[in-house]
Amino acid sequence: MFRFILSRVGILIPTFVGVAIVAFAFIRLLPGDPILLMSGERGISPERYAELQTLLGYDRPLPLQFWDYLTGLLQGDFGNSVVTRRPVLEEFMTLFPATLELSLVAITLAVFIGVPAGVLAAIKRGSWFDQITMGAALTGYSMPIFWWGLLLIIFFSGYLGWTPVSGRISLLYYFPQTTGFMLIDSLISGQEGAFRSAVSHLVLPGIVLATIPLAVIARQTRSAMLEVLGEDYVRTARAKGLPAFRVVSVHALRNALIPVVTTIGLQVGVLMAGAILTETIFSWPGIGKWMVDSVFRRDYPVVQGGLLLIAMVVMVVNLAVDVLYGFINPRVRAR
Amino acid sequence: MSLLTIKNLSVTFQTASGPFKAVDGFNMTLQPGEILGIVGESGSGKSVAMLGLMGLLPPTATVTADEMSFEGRDMRGIGARERRRIVGAAMAMIFQEPMSSLNPCFTVGFQIKESLRIHMKLDRKARHRRAIELLEAVGLPEPERRLKAYPHQLSGGMSQRVMIAMATACRPKLLIADEPTTALDVTIQAQILDLLVDLQKDHGMAMILITHDMGVVAETAQRVIVQYAGQQVEAQGVETLFTEPHHPYTAALLSAMPERATGDRLPTIPGVVPGQGDRPNGCLFNPRCPKADALCRTVVPPRQDETLGRALCHYPLNARIGEAA
């Protein structure tokens, strides 16, 4: 198992360098640069522009700039934001809990609704439940996130007035960010109504971000379950006289989950991509919104560093999924 | 009282192209401790009839029978809960593919002990003791270690031994063995058959052995049923079946045994078992029967009496003059 993890970590290093190159190059392909955008409509004198370029090091050849960036990275220095002057890593760490909280809520919704829905649809194959669930899954999967988010806001926030439109908690409440998770912090604060406010802010973005993973997980679970239900060992389990519930929930589900776990791991990338849109729609102060804002400001270090850190999160989660995979599938476990 | 009585069992599958009768009028009785062989090619309805008895067919199958009783209990329309109390306990089954019949995600111990917990309500320690005892009984060395093994760590023969241990865990009165040796190496086949016969004698359990290997039948069974295209074409005691087959299909199966072949080439039965769309008129075996004539091709054959092995044939073989209908 240790060697397995080590070999997977070995793959992470070239991936990391690759993402660094792509992030570095792509943000510079966009027209404009941070100095031009900061100076705004008033414009900037050529002398001042050159001065600032030298100050930020953007006048040097690109390969040299990249080398400096890379050596900085290896020392744990992700650079400073051009706009706020604060270290990129520090900003990331401040904002990441908001995204993490949202993503955890989304993936929890997706798994705990998607897996049972997929199992039920497989058992009742061809029934109205199966058809409605799979139809809904396809619709959810096909619906653009921003459109779906706007529809929910219009209905639940605008028409029904049940949920707030944006942010993580009502401005009425103020308490220290102990864990960075609003749900937990609001509980710790003991302020009346704070937790309710946090939940009501989280519901819609959570649903929006969960939709695509939920659809994918439900469909994957259904097809894996259908395949497994036709296996000989499921017949053996029934031939033992086990109750139907045990046959499905123990003998079949354990096998069907193997491909589903891989899918769940892959959804982390989808979540991060979805977080960018979801956070922008709901003004959720997480790294998704941070990244979008930084792209508009051409804040090179933030975009580069943010992309790298997000990529690292995705890679680490996938590594964790691979390890988990070994636990649920004895055939992969080291001999 | 006989252990198992089945009269006129039929199994029909709903398929995309209409209903398909996989088993048509299956009859049998089985005494306690008896070994019955059911032979026939693939697609002759041997397994389906037994799966129907066990209640293991998919929901697209409809099972009907005039009688289907096990230990005097009517198995037709039996509730799921009550069936579960019998299936896996008094009536157990082992399958053709031992490697895929064990759940790859659970240890051998888990899978054996599960039956013991559900049916016999044994406590943890007793389950462990009984599981080791069972693995010893099926001839697996190092039972303690095997209990912790996963199915992918076992060979085909070992897997089938585990399946047999699982099936006999609750001391069944009837063991249905559905081609238990087909997927195994020839050397292992004999070992598994010997094991089954030994266990059958030790426990005094009855056994139904489904196979398409006439040699296996000759070695183990006392009575034989021959199935063809869902129909029972002959039923006889094993000795007389081998010396005096009454249905041409039985005779053809016997002459296709390598042990009996005399010429340079092994005789075969030309053609295949008819499927859903290509059922012939008259006798279902007529396109492949060397003796078939116009009558066979048009009129469904009658069921001969006991002395002619209840053969489903217009012209039963080995009939003494005056006996044929």
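This is a predicted model: local features need pLDDT of at least 70, side-chain atom pairs count only at pLDDT 80 or more; totals for chains, interfaces and linings use all residues.

Q: What does UniProt place at residues 6-254 of chain B?
A: An unreviewed UniProt entry puts the feature "domain: ABC transporter" there, at residues 6-254 of chain B. UniProt positions follow the numbering used here, feature names are shortened, and annotations may be inferred rather than shown by experiment.

Q: How much of residues 6-254 of chain B is helix and how much strand?
A: The span is 41% helix and 27% strand. Its end C-alpha atoms lie 26 Å apart. Helices (H or I, at least four residues) and strands (E, at least two) are DSSP runs, numbered from the N terminus.

Q: Start with strand E1 of chain B. Which way do E1(B) and E2(B) pair, and over how many bridges?
A: E1(B) and strand E2 (residues 18-30) of chain B pair antiparallel, over 9 bridges. Strands pair if DSSP finds at least two bridges between them. Leu4(B) stands opposite Leu30(B) in E2(B).

Q: How many residues sit between E1(B) and E2(B) in the hairpin?
A: There are 2 residues between them.

Q: What about E4(B) and E5(B)?
A: Strand E4 (residues 61-64) of chain B pairs with E1(B) in the antiparallel sense, over 4 bridges. There, Ser10(B) faces Thr64(B). Strand E5 (residues 67-70) of chain B is joined to E1 (residues 4-15) of chain B by 4 bridges, also antiparallel. In that pairing Ile6(B) is opposite Met68(B).

Q: Switching to helix H7(B). How many of its 12 residues are buried?
A: 11 of the 12 are buried, so H7(B) is largely enclosed by the rest of the structure. Buried means 20 or more other C-beta atoms within 10 Å of the residue's own; exposed means 12 or fewer, and partly exposed is in between, with C-beta atoms placed from the backbone. Among the buried ones are Gly157(B), Gln160(B), Arg161(B) and Met166(B).

Q: What covers the buried residues of H7(B)?
A: The cover includes strands E7 (91-94) and E8 (174-178) of chain B. It also includes helices H3 (98-101), H4 (108-120), H5 (124-137) and H8 (186-203) of chain B.

Q: What span should H7(B) have?
A: At 1.5 Å a residue, H7 (residues 156-167) of chain B should span 16 Å, and its end C-alpha atoms are 16 Å apart, which agrees. The expected span is 1.5 Å times one less than the number of residues.

Q: Now chain A. How many helices and strands?
A: Chain A has 13 helices and 0 strands. Buried residues make up 36% of its 335 residues. Its C-alpha atoms fill a box of roughly 85 × 55 × 40 Å along the principal axes.

Q: Which transmembrane regions does UniProt list there?
A: The unreviewed entry's list for chain A includes residues 102-123 and 198-218. Residues 102-123 of chain A are 100% helix, with end C-alpha atoms 32 Å apart. Residues 198-218 of chain A are 100% helix too, with ends 28 Å apart.

Methods. Residues are numbered from 1 along each chain as its sequence is written. Chains are lettered from A and ligands numbered from 1 in the order in which they are written. Two residues are in contact if their C-beta atoms, placed from the backbone, lie within 7 Å.
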